[in-house]
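Welcome to this short tour of a protein model. Please take a look at the sequence and the structure below before reading on.

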Amino acid sequence: MPMSERPDLDGVAELVTGALADPTATWTLGGFGALARFSRTGDEAATPLASGRLGLVTPRGGIALDPAGAIPVAYETAFAGGWSHAVALCRPATLHPWPGSRPIAEAGRDPDALRPENLGDNWFDLGLDLPQGRLRLRSADPEALKTLRAAVGRNLRDDPEFWRDLDAIPMVDHVVITPLGRIEIFGGSASASDGPRVFLVPKMLALGRTHPATATIPAGLLPVALLVPPHPCASPERAFDPARHAAFQAILARWGAPDLVALKAQLAAGEAPATGTTNRITRNIARVVRLQAEAMTIRHGTKF
């Protein structure tokens, strides 16, 4: 998507609002090596945020989004045995300089907590070198605060294994804040594959990358939030769901890089790419086309 093209603000709001209403969609906020994920189950209570904020709170965590000015970039990635898809909500990279790593520091009180009972809780910035936003730990529990204050001044860059000690402190919320919103994982929530979680891998963070190499983000853009709509093969039986597939293809047609969308259509029609244009990206798209064609053909042994 050209940097000069203004995002369709109504369309972005529609995309975000629709995804928040879908319990099978997943969100992440943060960057390469340090991020929070918000997900929920279909039977899990989800309450809209107060004061007109866009987002949800569940018993295990919450998300607030402010997508004004975000530039969506939809893409697909092939891997061994399948493919993934996502929509990155990006901002101009010039707005997000690398902050450099800093010591853990007490950062005052949280004025924008998603739940009223957390407003004004003390929080601590982990000082990560993350251009997309900040990762903070928050608590009102006296014992947890004592432990967190004892960590002030330490640097996770110099002692990356210390994260395990921080992550194990009870009664502590994990909060990722970015210009596009925040995700909170509430202390005491069971760590489960189907719920909100924080992921911090210091070795990945130390690589100084903004996103995986497989994500086709145009130069000059920085992915800040990531939406993962339901995958057509995500059911327990891994049966292909044509409605889910069609839904993401519509998203891809609207928000994908136009040249790559056109290339996929060309390859799906059986046309070869232009001579001399084959590269990692074109090979990836060709694999996605093949994998999707196989999935559509194999459904219950019949073609549809």
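This is a predicted model: local features need pLDDT of at least 70, side-chain atom pairs count only at pLDDT 80 or more; totals for chains, interfaces and linings use all residues.

How many cavities of 30 Å³ or more does a search of the whole structure find? There are two. The largest cavity has a volume of about 150 Å³, and 14 residues line it. Nearest the centre of this cavity lie Tyr-75, Glu-76, Leu-252, Leu-260 and Ile-285. Three elements, strand E6 (71-79), helix H6 (258-268) and helix H7 (280-298), each supply at least two residues of the lining. H7 gives the most, with four residues. By class, the lining of the largest cavity holds nine nonpolar, three polar and two charged residues.

The second largest cavity contains about 40 Å³ of space. Its lining is made up of Ala-19, Leu-20, Asp-22, Pro-23, Ala-25, Trp-27, Phe-38, Ser-39, Arg-40 and Leu-56. Seven of these lining residues are nonpolar, one is polar and two are charged.

## Open pockets

Now for the pockets. The largest pocket holds about 470 Å³ of space and is lined by 29 residues. Thr-28, Leu-35, Tyr-75, Pro-212 and Leu-226 lie nearest its centre. Strand E1 (26-31), strand E2 (34-38), E6, strand E7 (82-92) and strand E14 (221-228) each supply at least two residues of the lining of the largest pocket. Which strand provides the largest share of this lining? The answer is E14, with five residues. The lining of the largest pocket has no charged residues, and divides into 18 nonpolar and eleven polar ones.

The second largest pocket has a volume of about 400 Å³. It is lined by 22 residues, and Thr-24, Thr-26, Val-228, His-231 and Ala-234 are the closest to its centre. E7 gives the most to this lining, with three residues. Here the classes are nine nonpolar, nine polar and four charged.

The table sets out the volumes and the lining classes.

| Space | Volume | Lining residues by class |
|---|---|---|
| Largest cavity | about 150 Å³ | nine nonpolar, three polar, two charged |
| Second largest cavity | about 40 Å³ | seven nonpolar, one polar, two charged |
| Largest pocket | about 470 Å³ | 18 nonpolar, eleven polar, no charged |
| Second largest pocket | about 400 Å³ | nine nonpolar, nine polar, four charged |

## Helices that pack together

H6 passes H7 in a right-handed crossing. On the H6 side, the contact is made by Leu-260, Leu-263, Lys-264, Leu-267 and Ala-268, while H7 brings Ile-281, Thr-282, Ile-285, Ala-286, Val-288, Val-289 and Gln-292. Nine residues of this contact are nonpolar, two are polar and one is charged.

A second pair consists of helix H1 (residues 9-20) and helix H5 (residues 242-255), which pack at an angle of about 155° with their axes 13 Å apart. H1 and H5 are therefore roughly antiparallel to each other. H1 passes H5 in a left-handed crossing. Gly-11, Val-12, Glu-14 and Leu-15 of H1 meet Ile-251, Arg-254 and Trp-255 of H5. This contact has four nonpolar, one polar and two charged residues.

Methods
Residues are numbered from 1 along each chain as its sequence is written. Side-chain values use heavy atoms; hydrogens and water are left out. On a 1 Å grid over the protein atoms alone, a cavity is a set of points where a 1.4 Å probe fits but cannot get out, and a pocket is an open set with protein on both sides within 12 Å along at least five of seven lines; lining residues have an atom within 4 Å of a point. Grid points are joined across faces, edges and corners, and a volume is the space filled by probe spheres set on the points. Ala, Val, Leu, Ile, Met, Phe, Trp, Tyr, Cys and Pro count as nonpolar, Asp, Glu, Lys and Arg as charged, and the others, Gly among them, as polar. A crossing is left-handed if the near helix is turned anticlockwise from the far one by less than a right angle, and right-handed if clockwise. Contact means heavy atoms within 4.5 Å. Axes are lines fitted to C-alpha atoms, for helices over the stretch in contact, and angles run from 0 to 180 degrees between N-to-C directions. Angles under 35 degrees count as roughly parallel, over 145 as roughly antiparallel, 65 to 115 as roughly perpendicular and the rest as oblique.
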